[in-house]
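Open the model in your viewer and keep the selection tool ready. The tour goes from one selection to the next and says what is there.

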Amino acid sequence: MMSAPKILMTSAVFGQFLALFPLAVLFCCVGLNMYAPWVYIVIYAVWAVFYAAGYLCGKFAAEFEPGSRHSRKIKPLILFISRIAVLVPAGIFIAVVIAADITSTALFYVLPGGVIAFYGAHGSFGKSYSDVFSRGWVGLCFALGLVATVLMWSSHEEELSAQGIFRICVGFGALLLLAALHANQTNIDVCTRQRSEGKSVLPSGLRRYNALLVTGICTVAIGLFLFAKPLAGLMRSLISLLLSGVIFVFESLSSCVGKIPEDLPVGDPNAVVDAEPPKPTNPLAEIVFVLLIIGMLVLLFKLRKQIWSSIKSLFAPLFRQSIASSDIPFCDEILTSDAKSLTPRARRRAERELAHRYRHENDPALKYRFGYALFLMRLGKTNQPPMPVDTTSIHREKGESAFERDLGELSGVYNRVRYGETAPTAEELSRQEQLLTEIR
């Protein structure tokens, strides 16, 4: 199984190749007038050869360390030679295009991509994944996409151009998603480098939680952008179907109850002959209708907590500011500066209010987080208080030293609840409550 650094480096190289995708689409549209999977495979195989050559030249230039006194003069020369070595694969590619009688548009669209791949690999040797796939590749993809769009529209093949532009948009959306994931992982690595423990202080599941969160948000945003029209049509169809169902139900109920005949016109002698006798009302239908209304009211009463919880979650962002402005820290966000600014009396009051929230919280996940916050507050009264930069691993070490208890389950379950979005079991909540009672 590949390790996280290898996966990130592989995705960085994949992002470099994905940035060249508009050139491949442009060659298929303008050069071949068709889109075929095998064409993409051949194009990327050519770019892979350029990339391998650039990587080997970059490796040679970086590892060349001459020991003579002329090393300062030789080093720039070796670097220059490694850079102009792109002429070798480029010359071979031109010779193959001419010998195989391939369309000359390959020299305008495929060859530039190979040159970009060569220099991208040349500068990637010895660098981290964040430097290999930098923001410049996103800008390059955007610029190539604009050029490709203009050239495809000028080809006067509207259907072919529309397909190509859609493919470019999909590729650019995937590149944005990859760039967001890399930015997230880069920020995590930057924060962990500031501590001597490195990546070992990361809570369990943090990378996976952040990656899934970023992937979900970006995928939904890109999907709504790319498939706005079909999604709008689908929503209209669903709403129309729902309204038709509601109308059908009410029409069925009204037909069961019966229709009241319209008033007969006065003075019309034929009205008595042609008029049908009024249909008697169905008492069973009226009873069913009343029972249906009562059932709906009972159902609303039974689900009142779930409905209220949904409403609160919908408008939660409006109330977060008021919660954050209180003197009670929430869950794992306990700042040492705030704790020091509180007087002993205010600290005791804050602990009592937090304990009250913990006891009366019905949601298992929030209850466990409130319990962990209560543990941190009580840890703050010991000789090893939590610091703003501490992680759950540091909290566990300090807590075990201060309270002389095994806090492995508390830390593990909290990481799972906080970053894995899974609710704790009743036994885990019970053991946490027992632990909080013992460390008062």
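Select Gln185 to begin. Gln185 has a relative accessible area of 7% and is buried, because buried means under 20%. The model on your screen is a predicted one. Gln185 is found in helix α9, which covers residues 158-193. Leu8 and Gln185 are 177 residues apart in sequence, yet their C-alpha atoms are 8.7 Å apart in space.

**The whole chain**

Clear the selection and colour by secondary structure. The protein chain has 21 helices and zero strands. It has 440 residues, of which 32% count as buried. Take the contacts between residues at least 6 apart in sequence: 68% of them join residues at least 24 apart.

**Aromatic rings**

Show the side chains of the aromatic residues. Across the whole structure, a search finds 11 aromatic pairs. One of them is Tyr44 with Trp47, whose ring centres are 5.0 Å apart; their planes stand at 80 degrees, so the pair is edge-to-face. Tyr44 and Trp47 both lie in helix α3 (residues 37-63), and being three residues apart there, they are separated by about one helical turn. Is Trp47 buried or exposed? Trp47 counts as buried, because its relative accessibility is 0%.

Stay in helix α3 and select Phe50 together with Phe93. These two rings form another edge-to-face pair, 6.5 Å from centre to centre and with 70 degrees between the planes. Phe93 belongs to helix α5 (residues 87-99) and Phe50 to α3, so this pair ties together parts that are 43 residues apart in sequence. Phe50 and Phe93 are both buried.

Next, select Phe17, Tyr44, Trp47 and Tyr51. Ring pairs link these four residues into a cluster.

**Helices α2 and α6**

Select residues 21-32, which make up helix α2, and residues 105-122, which make up helix α6. Two packed helices are described by the angle between their axes and the distance between the axes. For α2 and α6 the angle is about 170 degrees and the axes are 9 Å apart. The two helices are therefore roughly antiparallel to each other.

Now show the side chains where they meet. From α2 come Leu23, Leu26, Phe27, Val30 and Gly31; from α6 come Thr105, Ala106, Tyr109, Val110, Pro112 and Gly113. Sorted by class, this contact has eight nonpolar residues, three polar ones and no charged ones.

**Gly399**

Move on to Gly399, which is in helix α19 (residues 392-403). Its relative accessibility is 0%, so Gly399 counts as buried. Which residues does Gly399 touch, not counting those up to four places away in sequence? They are Phe375, Leu379, Glu404 and Leu407.

**Helices α20 and α21**

For the last stop, select residues 408-420 (helix α20) and residues 426-438 (helix α21). Their axes come within 11 Å and cross at roughly 130 degrees. That angle makes α20 oblique to α21. The crossing of α20 past α21 is left-handed.

Show the side chains here too. In α20, Glu409, Leu410, Val413 and Arg416 meet Glu428, Arg431, Gln432 and Leu435 of α21. By class, the contact has three nonpolar, one polar and four charged residues.

How values were computed. Residues numbered from 1 in each chain as written. Heavy atoms only, no water. Axes fitted to C-alpha atoms, helices over the stretch in contact; angles between N-to-C directions. Helix = DSSP H or I, 4+ residues; strand = E, 2+ residues; numbered from the N terminus. Parallel < 35°, antiparallel > 145°, perpendicular 65-115°, else oblique. Left-handed = near helix turned anticlockwise from the far one by under 90°. Contact = heavy atoms within 4.5 Å. Nonpolar A, V, L, I, M, F, W, Y, C, P; charged D, E, K, R; others polar. Phe/Tyr/Trp six-rings, centres within 6.5 Å; stacked < 30°, edge-to-face > 60°. Buried < 20%, exposed > 50% of the residue type's maximum accessible area, 1.4 Å probe, protein only.
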